[in-house]
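Hi everyone, thanks for making time. I'd like to walk you through one model today, and you can follow along on the screen.

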Amino acid sequence: MASSEVEPAKTILLTSVANTIERFPLREGSFSYGTAGFRTLWERLPSVVNRMGILAALRSRAKGGQGVGAVVTASHNPIFDNGVKLVDPDGGMLSPAWEGYATRLANASQYDVLLTVSDIIEREHIDLSTVGKVFIARDTRPSGEILVDGLLEGAKAVGAHVEDLGVLTTPQLHYAVRYSNLNSKSSSLQGYMENIVTAFRKLVELNPKGSDVKIDPIKVDCANGVGAIHLKHLAEMLSPLAEYRIYNDGTEGVLNEGCGAEHVKSLQVYPIGLDAAPNEHCCSLDGDADRIMFFYNNGETSGHAEGDGFKLLDGDRMASLLAGFIHNFVLEAELDKELSMTVIQTAYANGNSTSYLTGQLKLQVMCTSTGVKYLHAKALEHDIGVYFEANGHGTVLFSDKALQLILAGVESNPDPDSSKKARSFHILLQLSDLLNQAVGDAFSDMLAVQIALLYRGWSYIDWINCYSDLPNRLAKVRVRDRSIVKTTDAERRCVSPPGLQDVIDRMVKEVSKGRAFVRPSGTEDIVRVYAEAETNKLVDELSNGVIAAVFEIAGGVDGKQTHKSSK
Ligand code: 16G
Ligand code: MG
């Protein structure tokens, strides 16, 4: 665009921004774009969501008009909350550099919005002759529809072409954005479904035991959320090959109330309404279906009625199952010398899962800070990056180099039955299709786990027997100002307030297999305290000791234990 045309174009854009933000006035500030975007009571959000429409359109224009996503969801939060998160053109999380703009815009007065938009245009050298493209989706929250209106208006005000994809899971939106820009797969919802269904079917056919196999039916708690809608469709497409029995589908219960991945993980109890007979395969999705927890009833009674026999298989278990499964085919395809493979975890990963991955499976393991964006970024540095948070977020990423080598292997070995090596190339190719390459996805993770168990002939009991978790505790402590708690070394060490880490170090040293860390939550106004040790008694002592130290040194207000992993 000629420079003489720039100023009029900018003036027109700013006028249009001024008009839209006037319709969605800021009532109060103090918003911060965290690991999950913005998330709070929905009534606080209309102005924020409208401004995120503006930012999404600017981001798209800054990326030469590539598609950008915006999803309205509050994941596992209560139904009266909502949130908004932006998706970059590669289908991943918004670039950290732009998170600052998001926070600035969300808190700006009407006038400052215009200044901020103008500043973003300058700093990011946005060519105002490009046209932006924004994909919008939302979960099933009743407030979603109202909020999407503001999002849509904001994006349109900045001249973006907007495609409202309706009610989708968060990973479906990430997928749509990624493949709208890559053109290598159909980015439509139908394209998403067909992609995973085809990969799953082919993987069943490639199973060395033959395609005439029985896949264990699975009971799926959908948290009364968006997962139910799309799982019904997926289940129809996969019937009668695999059977999904859907619970908490939203027709009666309330979103995330007494159910969902967060509920089963933190309380270690069955979701409401799902009756798990001994050894039946079960799982729980969260409210936007980007994380999953597996569980079963081992038939033992413990006197703890709600959680009798409850056994959880969390993100660490998915990491160990899928990493071992995939590594096996990398070895058989003789790609291990050419491809780097790494498992990425966070400090919350149970110590015994890490020992299993490094000791038994001989895999490299790395640790990053909490939050999908950190794990995803680290996974991208490797040819095969397996990343999972203990809370069930995660996927497996394949680099371009890995995909090229796998494809070349398939092309030179078109018959998968010709050798073990040939079959491995075919299996790896289908796994790279099945596992969502944009972000962790409860659907593709569920299907990948089913495939791994099928190939191995394993039940959940075999899976859980790979290793036993170290007893661990997770607690919340409310402090006067959680921003004084600062960490380093992937959140494993605390550098502020002074003296806290020394106390933790002294306590950890006293305890066999002890480990503990403290970090400020990115989603709640609290500090989290994690501890693990060889026995329940030791971990209780360690956890209580660290909680007391946080109280004393970081200015505690109140605290409680929220999760016991070993009953
Ligand atoms: C968000 C993150 C999740 C992380 C969690 C930590 C995404 C999509 N979600 O839910 O990865 O584990 O925050 O919460 O990145 P915390 O900071 O409150 O412990
Ligand atoms: Mg979620």
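This is a predicted model: local features need pLDDT of at least 70, side-chain atom pairs count only at pLDDT 80 or more; totals for chains, interfaces and linings use all residues.

**A walk through the model**

Residues are numbered from 1 along each chain as its sequence is written, chains are lettered from A and ligands numbered from 1 in the order in which they are written, and side-chain values use heavy atoms, with hydrogens and water left out. When I say helix or strand, I mean DSSP runs numbered from the N terminus: H or I with at least four residues for helices, E with at least two for strands.

Back to α11, residues 351–360. Which of its residues are buried? They are G351, N352, S353, Y356 and L357. Buried here is under 20% relative accessible area, exposed is over 50%, and partly exposed is in between, with a 1.4 Å probe and protein chains only. The cover over those buried residues includes α10, β11, β12 (364–368), β18 (515–520) and β19 (527–532).

N183, at about 60°, is in the loop between α6 (170–182) and α7 (189–206), and N183 is exposed, with a relative accessible area of 67%. E334, at about 55°, sits in the loop between α10 (315–332) and β11 (341–346).

Now the metal. What coordinates the magnesium ion, ligand 2? The donors are S75 (OG), D286 (OD), D288 (OD) and D290 (OD), at 2.0 to 2.2 Å. Donors are N, O and S atoms within 2.8 Å of the metal (3.2 Å for Na, K and Ca), and water is not among the atoms, so sites may look incomplete. Along the chain, the spacing of these donors reads S-x210-D-x1-D-x1-D. Of the aspartates, D286 and D290 are buried.

On to helix packing. Helix α8 (residues 226–238) packs against helix α15 (residues 442–456) at about 40°, with axes 11 Å apart. The axes are lines fitted to C-alpha atoms, for helices over the stretch in contact, and angles run from 0 to 180 degrees between N-to-C directions. That angle makes α8 oblique to α15; under 35 degrees counts as roughly parallel, over 145 as roughly antiparallel, 65 to 115 as roughly perpendicular, and the rest as oblique. On the α8 side, G227, H230, L231, L234 and L238 make the contact, and on the α15 side F443, M446 and L447 do; contact means heavy atoms within 4.5 Å.

The second pair is α2 (residues 46–62) and α3 (residues 96–107), whose axes come within 9 Å and cross at roughly 145°. From α2, the contact uses V48, R51, M52, L55, L58, R59 and A62, and from α3 it uses W98, Y101, A102, L105, A106 and N107.

Last, the cis peptide bonds. One runs from S239 to P240, with omega near 0°, and P240 lies in the loop between α8 and β7 (244–247). Another joins S496 and P497, with omega about 0°; P497 is in the loop between β17 (493–496) and α17 (500–509).
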